[in-house]
Amino acid sequence: MTGSGGGGRAGIGGPADGAADRTTADGAPAGRILDHLRAREAEMADWLARLVAAESPSHVAESQRPVQALVAARLEAVGLRTRVYPGRRTGGFVFARPPGRPAACQLLVGHTDTVWPLGTLDTMPLEVRGPVMAGPGVFDMKAGLAIMVFALEALRALDLAPAVAPVVLINADEEIGSRESGGHIARLARLADRALILEPGAGEAGALKTARKGIGAFQVVAHGRAAHAGLEPERGASAILELAHVIRRLHDLNDPASGVSVNVGVIEGGLRSNVVAPEARAAVDVRVPTMGHARAVEAAILGLAPTVPGVSLTVTGSIGRRPMERTPANRRLWAAAHAAGRALGLDLAETAVGGGSDGNITSQFTATLDGLGAVGDGAHARHEHVRLDRMAERAALLALLLLAPPLGRAGAVEPVGAGAAKEHHGDTARTGRRQR
Ligand SMILES: [Zn+2]
């Protein structure tokens, strides 16, 4: 899908407003899909309200079940073989795949978990004010789930079969680093022609996210020697003094021009003011735009050497979430999305963001486009909300992307659990904690 909308038929500037005859360059009926979804806007809002009413914080595994059941029932109804896999320490995930063994698949990724604890609705109620719906988790990313489901339903209702079979994975631990689901996502991404991530769009324009920084978490522990600070300080070795030097060196790794950030966010250590500190520790957050920066910063941090005599250092951690870069494959997918947008009368924007998502995982293996979810604002914030009047266009955009021809990599679909998944991402959870 590389051409502009219109496709030589009625195209942009065709029938007023409805533009029902618009098609993409590949002949996908953009106008018909959009009209169909606009007619279902109220239904979409109602279903979204049900998703939001079912609170589902990451840390309460059983709270995921009602949302998973709502989503699974609809995925099943569009003809996907759907199963909810329970997690061991998290809420597990919903996996849906077409029957049979299609030659090529595309991966749709979403999450049911939110950052909001149970009971948040009491003080932050679900509210609809004109074209806006507010409530915990509505933007990040229950509206994304609604967009996914209604896009698939639109294709089914209009009898439009994607050439590349959709496979769905909706996890329940995304907000806590996808610690259990990350390996499954990686394995599916390896098989997929492309991955479409239903995280919220950025800003009022709903810009798509075409780059995300990699994220690392490190822990530095300085081990010194205690001594009485008044009687015999010379027998001590101050872990706090060493840590002070380390912090300066860590902050020197910051490079705003290239987008590298290193933040010592927590320090602790020492016993009392009159004791030379035997131990001190720091927790470090790292963001990097490329794998080159990831390797360089990781090597610099892991290579920290002590400078205070008598003090040793233990440094642990890694870049757990690799960056989602603007790879050639990712650019092709973005171009397809932009063309699909034009067929819908949209001029889509793209943006790079510092926060991570499961797009960071899929992008290591296949063409990835993120931020395909709702238009709104306030992810993880009290003013979280979505624009209901933009839901139909987002679902139509996703439906058109689902109809796009293969980008160029084929793979058969296997059920999750058929083989062991050992990816780098399998252990991102230890260090890949995220705060956006
Ligand atoms: Zn999210």
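Helix α7 runs from residue 239 to 252, and its 14 residues should span 20 Å at 1.5 Å a residue, which agrees with the 20 Å between its end C-alpha atoms. The expected span is 1.5 Å times one less than the number of residues. Helices (H or I, at least four residues) and strands (E, at least two) are DSSP runs, numbered from the N terminus. The model is predicted: local features need pLDDT of at least 70 and side-chain atom pairs count only at pLDDT 80 or more, while totals for chains, interfaces and linings use all residues. Residues are numbered from 1 along each chain as its sequence is written.

The buried residues of α7 are Ala239, Glu242, Leu243, Val246 and Leu250. Seen down the helix axis, these buried residues fall within an arc of 95°, so they line one face of α7. The arc is taken from the directions from the helix axis to the C-beta atoms. Arg248 and Asp252 are exposed on the other side of α7. A residue is buried if 20 or more other C-beta atoms lie within 10 Å of its own, exposed if 12 or fewer, and partly exposed in between, with C-beta atoms placed from the backbone.

An open sheet of 6 strands has mixed pairing and the order β1-β2-β6-β3-β7-β14. Its edge strands, β1 (81-85) and β14 (367-369), each pair on one side only. Two strands pair if DSSP finds at least two bridges between them. Within this order, β3 (residues 105-111) and β7 (residues 192-197) pair in the parallel sense over 5 bridges. Leu108 stands opposite Leu196 in β7.
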